Amino acid sequence: MAHFHVATTLSRGACAIAGQPASLKGSVMSSKLYVGNLPYSVNDDALRHNFSEYGNVASAKVMTDRDSGRSKGFGFVEMGSEAEAQAAINGLNGQSVDGRQIVVNVSRPKEGGGGGYRSNGPRY
């Protein structure tokens, strides 16, 4: 099992979200987070364990290739509240995990179609 650990070279306060105000008053935020640039060795349990330091983790999922089962290098974590999600962003975004600088931000809704078969045949 891979260990997901955050290098202690950066202080927790040193992680700011570029362009984000310190106060998010009045903005709509979600408790679902996107976690990108993960080492391929990180699994669901490791993701859950490390985010649990910032609050209740409702779910943690590393996305994997459907054929090979190999990690795609990103995942999603749903925290128990928006405040816990913000704490996780502040604490983990930009941190080094096994030599990779991870990205943690609010997950945006999936846009448009994507994947799957699309026929360009006539529509009736």
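View 1. Turned away from the buried side of α1 is a face with the exposed residues Asp 45 and His 49; exposed is over 50% relative accessible area, buried under 20%, and partly exposed in between (1.4 Å probe, protein chains only). This is a predicted model, where local features need pLDDT of at least 70, side-chain atom pairs count only at pLDDT 80 or more, and totals for chains, interfaces and linings use all residues. Residues are numbered from 1 along each chain as its sequence is written, and side-chain values use heavy atoms, with hydrogens and water left out. Ala 46, Leu 47, Asn 50 and Phe 51 are the buried residues of α1. Down the axis of α1 they fall within an arc of 120°, so they line one face of the helix (the arc takes directions from the helix axis to the C-beta atoms).

**View 2. What the buried side meets.** The buried residues of α1 pack against β1, β2, β3, α2 and β6, with contact meaning heavy atoms within 4.5 Å. Helices (H or I, at least four residues) and strands (E, at least two) are DSSP runs, numbered from the N terminus.

**View 3. The open sheet.** Its 4 strands pair antiparallel in the order β2-β3-β1-β6; pairing takes at least two DSSP bridges between two strands. β2 (57-64) and β6 (103-106) are the edges, each with a single partner strand, so one side of each has no neighbour in the sheet.

**View 4. Where β1 meets β6.** Strand β1 (residues 32-36) runs antiparallel to β6, joined by 4 bridges. Tyr 34 has Asn 105 in β6 as its bridge partner.
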